[in-house]
Amino acid sequence: MKKQYEPMFDTFTFKRGVTVPNRIMMAPMTNFASKENGEVSEEELEYYRVRSNGPGTVITAVAYVTRGGKGFSHEIGADNDQLIPGLARLASTIKDQGAKVILQIFHGGRMCPPEELLDGQPISASAVAPLREGAVTPRELDHLEIEGIISDFGEATRRAIEAGFDGVEIHGANTYLIQQFFSPHSNRRGDEWGGSLEKRMRFPFAVIDSVKKAVDQHAKNPFVIGYRISPEEMENPGIKMEDTLAFVDQLAEADLDYLHISVQDFWSGSMRDKEDKESRIVLIQNKVGARVPVIGVGSLHTPDEVMKAFDTGIPFVALGRELIMEPNWVKKVQEEKEASIRQTLTKNDQKELVVPDYLWNAIMNSPGWFPVEEN
């Protein structure tokens with residue numbers, strides 16, 4: 001490879017002892033390819049197989065920890081032991097290609113589509129509907145239900161351990177349940193689970209503690225615990241950057257292996273204040289990067305763009321859309337073939353790129369999200 005790209009291929013050992021071969025990760029992306037019962041499908045396995053020979057780490061599409069938290073059609077399930085064999089096939093498929101594999105886990109909360117729930121009723125921290133057209137008002141969780149969901153995160157972690165994953169990523173971003181407890185828009189509670197900033201942090205940290213206990217009890221090999229966060233919300237009241245900086249300051253002391261920042265563009269500024277142009281990732285890196293590894297992501301298409309991101313001091317970059325369009329992105333950089341990295345799609349590329357049908361249809365019906373050329 002060219003000398004200027006060598007730093008992205010440095011190895012790294014996380015706090016809990018997992019060593020990864022390079023600094024490039026596959027970002028977690030919903031692929032709509034699992035079976036209706038949450039079982040991993042053959043189509044899904046092949047999608048991951050062709051993308052796992054290059055990135056040092058693959059973070060899977062998100063898996064729901066309990067059936068009432070299913071957030072998407074054809075989503076991976078991690079809510080019962082019958083799904084462990086399929087999860088084990090997913091883990092081994094990725095690891096056989098040379099990557100470490102991390103299972104992202106979540107509960108969709110008020111963002112769960114009613115048609116994906118057995119009772120048709122989304123739940124959340126409070127009975128406040130999201131600001132989306134046609135959104136359903138969720139039912140407020142009671143204390144016992146909250147404790148049950150916290151336990152469900154631990155049980156999903158146990159299943160990931162038994163299935164052979166190298167870690168889990170707690171999905172505390174993208175408006176889902178953990179973020180809903182942290183957000184002053186979705187959390188209007190007056191008990192120990194809401195109100196002040198400190199109380200709104202309580203649920204995320206309870207989930208982290210549940211996951212850590214599962215790892216301590218069940219993991220016989222090193223096992224990563226990561227956490228994903230969205231820096232801000234558009235809603236008022238909503239999460240502000242000062243809230244997030246206070247939160248990550250506490251997360252940096254929570255014995256996590258990494259923080260993963262969820263934004264669409266690595267360099268994007270505030271979504272709340274258009275005058276604030278400073279990268280949210282860089283702000284978080286400057287705040288806590290000396291204490292916990294930070295993963296950057298977002299519209300980094302070329303190796304030069306990735307290296308510019310590394311220049312900020314972050315130790316990892318996750319690639320999402322880039323690995324859908326170019327499964328061999330990492331290998332091409334290693335082989336000095338970066339000029340041939342595909343950065344656009346055509347409508348005839350699905351078979352060659354091994355993209356599941358549901359995901360491909362979503363791509364084709366989302367103008368602007370992927371650059372699609374005419375055939």
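What follows is a dialogue about reading the features of one predicted protein model.

Biologist: Let's begin with the whole chain. How many helices and strands does the protein chain have?

Modeller: Happy to start there! This is a predicted model, and its secondary structure comes to 13 helices and 16 strands. The radius of gyration is 20 Å, close to the 21 Å that the globule rule gives for 375 residues, so the chain is as compact as a globular protein of that length. Along the principal axes, the C-alpha atoms fill a box of roughly 60 × 45 × 45 Å.

Biologist: What share of the contacts in the protein chain comes from residues 24 or more positions apart?

Modeller: Among contacts with a separation of 6 or more, 69% are between residues 24 or more positions apart. As for burial, 58% of the 375 residues are buried.

Biologist: And the surface? Which part of the accessible surface belongs to carbon and sulfur atoms?

Modeller: The accessible surface comes to about 15100 Å², and carbon and sulfur atoms hold 47% of it. On the charge side, there are 42 positive and 57 negative charges, and their mean positions are 2 Å apart.

Biologist: Could we zoom in on Phe203? What does Phe203 touch, beyond residues up to four places away in sequence?

Modeller: Phe203 touches Ile146, Ile149, Ile150, Leu177, Ile178, Phe181 and Trp193.

Biologist: Next, a charged residue. Is Lys332 buried or exposed?

Modeller: The cut-off to keep in mind is that buried means under 20% relative accessible area. Lys332 has 18% relative accessibility, so Lys332 counts as buried. Lys332 sits in helix 11, residues 329-334. Beyond residues up to four places away in sequence, Lys332 touches Glu326, Lys337, Glu338, Ser340 and Ile341.

Biologist: Where is Asp349 placed, and what is Asp349 in contact with?

Modeller: Asp349 is in the loop between strand 15 (345-346) and helix 12 (350-353). At 8% relative accessibility, Asp349 is buried. Leaving aside neighbours within four places in sequence, Asp349 is in contact with Arg342, Thr344 and Trp360.

Biologist: Let me try a glycine. Where does Gly269 lie?

Modeller: Gly269 lies in the loop between strand 12 (258-261) and helix 8 (280-288). With 23% relative accessibility, Gly269 counts as partly exposed. Gly269 and Leu283 are 14 residues apart along the chain, and their C-alpha atoms are separated by 9.8 Å.

Biologist: Which value does phi of His74 have?

Modeller: Phi of His74 is near 55°, a positive value in a residue other than glycine. His74 is in the loop between strand 5 (63-64) and strand 6 (76-77), and is buried, with a relative accessible area of 14%.

Biologist: What is phi of Asp255?

Modeller: Asp255 has a positive phi of about 60°, although it is not a glycine. Asp255 lies in the loop between helix 7 and strand 12 and, at 33% relative accessibility, counts as partly exposed. Neighbours within four places in sequence aside, Asp255 is in contact with Lys15, Arg16 and Lys212.

Technical notes:
Residues are numbered from 1 along each chain as its sequence is written. This is a predicted model: local features need pLDDT of at least 70, side-chain atom pairs count only at pLDDT 80 or more; totals for chains, interfaces and linings use all residues. Side-chain values use heavy atoms; hydrogens and water are left out. Helices (H or I, at least four residues) and strands (E, at least two) are DSSP runs, numbered from the N terminus. The radius of gyration is taken over C-alpha atoms; the globule rule is 2.2 Å times the number of residues to the power 0.38. Buried means under 20% relative accessible area, exposed over 50%, partly exposed in between (1.4 Å probe, protein chains only). Contact means heavy atoms within 4.5 Å. Accessible areas come from the Shrake-Rupley method with a 1.4 Å probe; for residues, only the protein chains shown count as cover. Lys and Arg count as positive and Asp and Glu as negative; His and the chain ends are not counted. The place of a charge is taken as NZ of Lys, CZ of Arg, CG of Asp or CD of Glu.
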